[in-house]
Amino acid sequence: MITFAIALTVLVLGYVFYGRFIANLFGYDADKQTPAKTMADGVDYVEMPTWKAFMIQFLNIAGLGPIFGAIMGAKFGTASYLWIVLGTIFAGSVHDYLSGMISIRNGGESLPQIVGRYLGDKMQKVMILFTMILMVLVGAVFVSQPANLLAGLTPGINVYWWIGIIFVYYLIATMFPVDKIIGKVYPIFAAALLFMAFGIMIALFVNRPDLPEMWNGFGTKYEKNPIFPMMFISIACGAISGFHATQSPLMARCVKNERNGRFVFYGAMVAEGIVALVWAAAATAYFPEHGTSEATGQIVMNISKSWLGTVGGVLAVLGVIAAPITSGDTALRSARLIVADFIGMEQKSIRKRLCICVPMFAVTFCVLVYSLADANGFAIIWRYFSWCNQTLSVFTLWAITVFLTLEKKLYWVTLIPALFMTCVTSTYICIAPEGFSLPAPFSYGIGMVCMCATLAIFARWKIKISEK
C-alpha cells in the first residue's frame, strides 16, 4: 500500500508542478481568442464550459484503456506503477497538452495536419493513412467487448444485434453537432467512470490488501513476457497514447480560453493515469486469489461487485460498456474530421458528413465481424491497436519536438519521451509474435539502432536550422 500511496501522491503533484511548468513553457495567451470563438460553426466548433470540455476529453481518451490496459499491465507487478506515474507526468500529459494547444493555435487542426506542418507533406500523408487505420481499429476494438457483455446480460439479443444498435448510435452521434449528444451525455459517463475509480481507491485504503511494494522487486509470476517492451505497449492509455492526440483537436475546437488548456488536456491525462493506477493496484490484489485466466472484462465486473456492491455492478456496466462505446464514437468522429480537413470538404452539410461516414463505418464493421468470427480475433486486433497507438505517439512527439525547437523552447521535454517510445515501438514489432518474432537480443539491438538513427536525423536537422 505504501508504493501505491506514494504513486498516487506523485501523480497529483505532477499535475500541480510539472503541468504548470509545461503550460508556462508553451506560453499560453489568456487574451488570445480560440477557434471556438473565431471559427464557430455550430457543429464541431462550439464553445463549451471548461468543466464540460474536461469531462468530454477525459472520456474520449479513456474508454477501455486505463482499465483493461492497466489490468493487463499489472501482471508485470509494481513496474506497472512506475510506468503509469512517470509515463503520465513526463510523456502522456505533455503529449496531450502540447498537441491540444498546438491545435488551438492552428485553428483546431487535426493531428495529421499538425504532423505535416512540422514533419513535412510526405509524413502528413503517412499519418493520415496510419491514423485512419488506428481509428478503425479503435472503433472495432471498443465495440467488440461491450457488445459481448451486453449479449451476456440480455439472453434474447445476440451480439450482432447489439453491434447493429451500437453502430446506429455511432452514426447518430458522429453526425450530430458536438454539443447535442456528446456535450450532454459524455459528462455523465465520465463522472460514472471517475466515481467507480474513486470507489475502488477508497476500498483499497479501507481493506488494505497485501499489495506488492516496489522495493520487493519488479518481477511477477503472472507474466512471462519481458517487461521491455511488452509492458509499455500493454499499458497505453494509462501512460501515453497516440490516440489521445487524435482526440485533443476535438476539444481544441471547443475550449474557450487558452489558460484552460492545462486543466482540459494535461489534467484529463493525469486523471486517466490515476484511474489506471487504481485498477493496476486492484488487479495486483485480485490476482493472488483468483488468478489471471478470467477475461479482463469479467475481472472488472467481479472487482466492482465484490468491493462496491450493487452500485459497483451498475458502475462497472457503465464503465466497461458505455465508456469504450463513447471512445469508439469520438474515434470515428475524429476520422471524419481528418478526412474532411484533408480533402477540404466542409462539414455543415449532413449529406457531406454522410459521404465520409458511410464507407468508414463499413470498413470498421468488417474488421469487427472478423474479430468476432475468429477465436483469437479480439486479442490480435487489440495487440495491433496497442502497437499502432504507441507508434502514433512517436510521430506526435517528434512533431512537437520540432515545434518546440523552432519556437526556441526547451525541446528536451518531448525529445526524451520521443526517443524512448521510438525504441519501445520498434523493439516491440520485432520481438512480438504478431510482429516479426525475432530473437530478443536482435530485437533490442534494432530498437537501439532506430532510436539512435532518429536522434542523428534530428541533430542533423537542428544543425541545418541553426546555420540558417
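Predicted model: local features only at pLDDT ≥ 70, side-chain atom pairs only at ≥ 80, totals over all residues.
Local features need pLDDT of at least 70 and side-chain atom pairs count only at pLDDT 80 or more, while totals for chains, interfaces and linings use all residues. Residues are numbered from 1 along each chain as its sequence is written, and side-chain values use heavy atoms, with hydrogens and water left out.

**View 1. Crossing of helix H9 (residues 182-207) and helix H12 (residues 261-290).** The two axes come within 9 Å and cross at roughly 45 degrees. From H9, Leu194, Met196, Ala197, Ile200, Met201 and Leu204 meet Ala271, Val275, Val278, Trp279, Ala281 and Ala282 of H12 (heavy atoms within 4.5 Å). By class, this contact has 12 nonpolar, no polar and no charged residues.

**View 2. The largest cavity.** The space in this cavity is about 50 Å³ (on a 1 Å grid, points where a 1.4 Å probe fits but cannot get out; lining residues have an atom within 4 Å of a point). Its lining consists of Ser110, Leu111, Thr246, Pro249, Leu250, Arg253, Ser334, Leu337 and Ile338. Helices H11 (242-252) and H13 (296-343) are the elements giving two or more residues to this lining. Five lining residues are nonpolar, three polar and one charged.

**View 3. The second largest cavity.** Its volume is about 30 Å³. Gly65, Gly69, Ser234, Ala236, Cys237, Trp382, Phe385 and Ser386 form the lining. The lining has four nonpolar, four polar and no charged residues.

Key
Axes fitted to C-alpha atoms, helices over the stretch in contact; angles between N-to-C directions. Helix = DSSP H or I, 4+ residues; strand = E, 2+ residues; numbered from the N terminus. Nonpolar A, V, L, I, M, F, W, Y, C, P; charged D, E, K, R; others polar. 1 Å grid on protein atoms, 1.4 Å probe; cavity = no way out; pocket = protein on both sides within 12 Å on 5 of 7 lines; lining within 4 Å. Points joined across faces, edges and corners; volume = space filled by probe spheres on them.
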